[in-house]
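User: I am new to reading structures. Can you take me through this one, feature by feature?

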Amino acid sequence: MRRWYVVQTRPRDESTALLHLTRQGFEGYLPRFLKRRRHARKVDIAPVPLFPGYLFVALDLAAARWRSIQGTVGVSRLVCHGDNPAPIPDGVVEDIQGHEDAAGWIILRPQTSLQQGQVVEISNGPLAELRGIFEGLDSKERVIVLLSLLGREVRARVPLGWVQATA
């Protein structure tokens with residue numbers, strides 16, 4: 001029976017470990033996402049592992065020569081319970097794969113219990129204590145709130161942590 005297992009890699013060697021596991025005939029999975037990085041006044045986007053230092057490998061313990069994984073380039077160890085590899089619960093890898101876009105990158109979206117059209121209150125910042133209507137989240141993980149200011153409706157973008165539902 002084929003199951004997914006966790007492989008711990010050497011620091012920043014996830015791609016190398018995946019390459020060498022694939023060359024040995026193992027099916028590996030390294031979930032990655034695009035991360036915005038700032039350095040020296042520049043912003044770039046780089047692919048990074050969702051779980052740094054780890055990747056997944058699919059094995060049938062009865063049929064596969066899984067002990068060779070321990071000596072694979074880039075691999076630190078196969079996560080085990082005692083002498084046998086520890087399988088991860090069914091559906092975990094498939095759930096992670098379900099969050100991929102068409103290019104294979106994991107899409108991370110901030111989680112919120114707010115519903116579109118819900119009345120919210122801004123708790124911090126220059127707009128603190130103002131009430132508005134929750135419209136959604138933008139691509140920079142900010143909340144879009146429709147406020148009534150000076151007789152006009154104005155859209156404001158504020159950090160997710162600054163907004164809470166009113167009672």
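Analyst: Start at the end of a helix. Gly-25 follows α1, and its phi is positive, near 95°. Keep in mind that this is a predicted model.

User: Which residues of α1 are buried?

Analyst: Glu-14, Ala-17 and Leu-21 are the buried residues of α1. Look down the axis of α1: its buried residues fall within an arc of 65°, so they line one face of the helix.

User: What do the buried residues of α1 pack against?

Analyst: They pack against β1, β4, β5 and β6.

User: Back to phi. How should I read a positive value?

Analyst: Most residues other than glycine have a negative phi. A positive value in another residue is worth a look.

User: Where does Arg-41 lie, and what is its phi?

Analyst: Arg-41 lies in the loop between β3 (32-39) and β4 (42-49). Its phi is positive, about 65°, although Arg-41 is not a glycine. Arg-41 is exposed, with a relative accessible area of 89%.

User: And Leu-150: buried or exposed?

Analyst: Leu-150 is exposed, at a relative accessible area of 88%. Leu-150 sits in the loop between β11 (142-149) and β12. Its phi is positive too, near 50°.

User: Now the inside. What is the general idea of a core?

Analyst: In soluble globular proteins, nonpolar side chains tend to be buried together. Here the largest nonpolar core has 13 residues. Val-7, Val-57, Leu-59, Ile-69 and Leu-78 touch the most other members. At least two residues of this core come from each of β1 (2-9), α1 (14-23), β5 and β6 (75-78). The largest share, three residues, is from β5.

User: Which residues does Leu-59 touch?

Analyst: Leave out residues up to four places away in sequence. Leu-59 then touches Met-1, Arg-2, Arg-3, Tyr-5, Phe-26, Ala-64, Trp-66, Ile-69 and Leu-78.

User: Which strands hold Tyr-29 and Phe-56?

Analyst: Tyr-29 lies in β2 (residues 27-29) and Phe-56 in β5 (residues 54-60), so the pair ties together parts 27 residues apart in sequence. Tyr-29 and Phe-56 are both buried.

User: What about Phe-51 and Phe-56?

Analyst: Phe-51 and Phe-56 form an edge-to-face pair. The distance is 6.0 Å centre to centre, with 90° between the planes. Phe-51 counts as partly exposed, at 35% relative accessibility, whereas Phe-56 is buried at 8%. Ring pairs link Tyr-29, Phe-51 and Phe-56 into a cluster.

User: What sits over the ring of Trp-4?

Analyst: The charged end of Arg-2 does, 5.6 Å from the ring centre.

User: How many salt bridges are there?

Analyst: The count is four. One of them joins the side chains of Arg-3 and Asp-90, at 3.2 Å from N to O. This pair links distant parts of the chain: Arg-3 is in β1, and Asp-90 is in the loop between β8 (84-85) and α2 (92-97), 87 residues apart. Asp-90 counts as exposed, at 63% relative accessibility.

User: Where do Glu-121 and Arg-131 lie?

Analyst: Glu-121 is in β9 (residues 119-122) and Arg-131 in β10 (residues 131-137), 10 residues apart. They form a salt bridge, with the closest N and O atoms 3.7 Å apart. Arg-131 counts as exposed, at 52% relative accessibility.

User: And what about Glu-135 and Arg-155?

Analyst: Their side chains meet in a salt bridge at 2.7 Å, N to O. Glu-135 lies in β10 and Arg-155 in β12 (residues 152-159), so the pair ties together parts 20 residues apart in sequence. Glu-135 counts as partly exposed, at 25% relative accessibility. Arg-155 counts as exposed, at 55%.

How values were computed. Residues are numbered from 1 along each chain as its sequence is written. This is a predicted model: local features need pLDDT of at least 70, side-chain atom pairs count only at pLDDT 80 or more; totals for chains, interfaces and linings use all residues. Side-chain values use heavy atoms; hydrogens and water are left out. Helices (H or I, at least four residues) and strands (E, at least two) are DSSP runs, numbered from the N terminus. Buried means under 20% relative accessible area, exposed over 50%, partly exposed in between (1.4 Å probe, protein chains only). Rings of Phe, Tyr and Trp (its six-membered ring) pair if their centres lie within 6.5 Å; planes under 30 degrees apart count as stacked, over 60 as edge-to-face and the rest as tilted. A charge sits over a ring if NZ of Lys or CZ of Arg is within 6 Å of the ring centre and within 35 degrees of the ring normal. A nonpolar core is a set of buried Ala, Val, Leu, Ile, Met, Phe, Trp, Tyr and Cys residues joined through side-chain atoms within 4.5 Å. Contact means heavy atoms within 4.5 Å. The arc is that of the directions from the helix axis to the C-beta atoms.
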